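User: I'd like to learn how to read a structure like this one, feature by feature. Could you walk me through it?

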Amino acid sequence: MYFFYCSNSLDAKELSQCRDELKDHNFKVIGLPCSGKIDIPYLVKAFETGADGVVIVTCELGQCRHVEGNMRAEKRAEAVDNLLEEVGAGTGRIAVIHVKQGRIEETAGEIKKFCTRINKIKPAPAAQGI
């Protein structure tokens, strides 16, 4: 799984805490200057390289330092989710999670729920060699 996060939404301590809580899950963690920098080719590449799921952690809605970065990330994730459905991988393999200030445990809990759901569905086609 891939874990993209906005460096403005998680500081080093929160990222470390989140990683500790998610240590049972194998993530490739990628920091972004803003979640709005995530684009469709990055997300598609994650699935092409075998990811079964992608988590994008953004600032809370209305709190983005770059005004609409978190909303752009959400729209791009939705577009890739639609592409995955078109190629037969199904939907729901991307989660956009908005961090609420000071509530990293809640964020980690949402990511865990997503991981549990992803682990219950069959692997993405790229992971199967298709």
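Analyst: Gladly! Residues are numbered from 1 along each chain as its sequence is written. This is a predicted model, so local features need pLDDT of at least 70 and side-chain atom pairs count only at pLDDT 80 or more, while totals for chains, interfaces and linings use all residues; side-chain values use heavy atoms, with hydrogens and water left out. As a case, Asn70 is found in helix H3.

User: Is Asn70 buried or exposed?

Analyst: The general idea is a scale: buried means under 20% relative accessible area, exposed over 50%, and partly exposed in between (1.4 Å probe, protein chains only). Asn70 has a relative accessible area of 1%, so Asn70 is buried.

User: And what is Asn70 in contact with?

Analyst: Contact means heavy atoms within 4.5 Å. Setting aside neighbours within four places in sequence, Asn70 is in contact with Ser35, Thr58, Cys59, Glu60, Leu61, Gly62, Cys64 and His98. Take Thr58 from that list: this residue is found in strand E3 and, at 0% relative accessibility, counts as buried. With the neighbours within four places again left out, the contacts of Thr58 include Cys6, Ser9, Asn70, Ala73, Val96 and His98.

User: How do I read the way strands pair up?

Analyst: Two strands pair if DSSP finds at least two bridges between them. Here five bridges join E3 (residues 54-58) to E4, and the two run parallel. One example is Ile56, whose bridge partner in E4 is Val96. To get from E3 to E4, the chain crosses through helix H3 (residues 69-86), a right-handed β-α-β crossover. Right-handed means that, with the strands pointing away from the viewer, the path from the first strand over the helix to the second runs clockwise. Strand E4 (residues 94-98) is mostly covered, with four of its five residues buried.

User: How many bridges join E1 to E2?

Analyst: Five bridges join E1 to E2, and these strands run parallel. Tyr5 has Gly31 as its bridge partner in E2. The chain passes from E1 through H1 to E2, and this β-α-β crossover is right-handed.

User: Which residues of H1 are buried?

Analyst: Glu14, Leu15 and Cys18 are the buried residues of H1. They cover an arc of only 100° around the axis, so they sit on the same side of H1; the arc is that of the directions from the helix axis to the C-beta atoms. On the other side, Ala12, Lys13 and Asp20 are exposed. The buried residues pack against E1, strand E2 (28-32) and H4.

User: What makes up the largest nonpolar core?

Analyst: A nonpolar core is a set of buried Ala, Val, Leu, Ile, Met, Phe, Trp, Tyr and Cys residues joined through side-chain atoms within 4.5 Å. The largest has 19 residues, and Phe3, Leu10, Cys18, Phe27, Val55, Val57 and Ile111 have the most contacts inside it. Strand E1 (2-6), helix H1 (12-21), E3, E4 and H4 each supply at least two of its residues, and H4 gives the most, with six. A second, separate core of 16 residues includes Leu32, Ala73, Ala77 and Val80.

User: How many disulfides does the structure have?

Analyst: A disulfide is a covalent bond between the sulfur atoms of two cysteines. The test used is a pair of cysteine sulfur atoms within 2.5 Å, and a search of the whole structure finds zero disulfides. For Cys34, the nearest cysteine sulfur is that of Cys64, 4.1 Å away. Cys34 is buried, with a relative accessible area of 5%. For Cys59, the nearest is the sulfur of Cys6, at 3.8 Å, and Cys59 is buried too, at 6%.

User: What should I know about phi, and where does Val67 come in?

Analyst: Most residues other than glycine have a negative phi. Val67 is not a glycine, yet its phi is positive, about 70°. Val67 lies in the loop between E3 and H3 and is exposed, with a relative accessible area of 63%.

User: Let me try a loop residue: what does Lys100 touch?

Analyst: Lys100 lies in the loop between E4 and helix H4 (104-120). Not counting residues up to four places away in sequence, Lys100 touches Glu60, Glu106, Thr107 and Glu110. At 26% relative accessibility, Lys100 counts as partly exposed.
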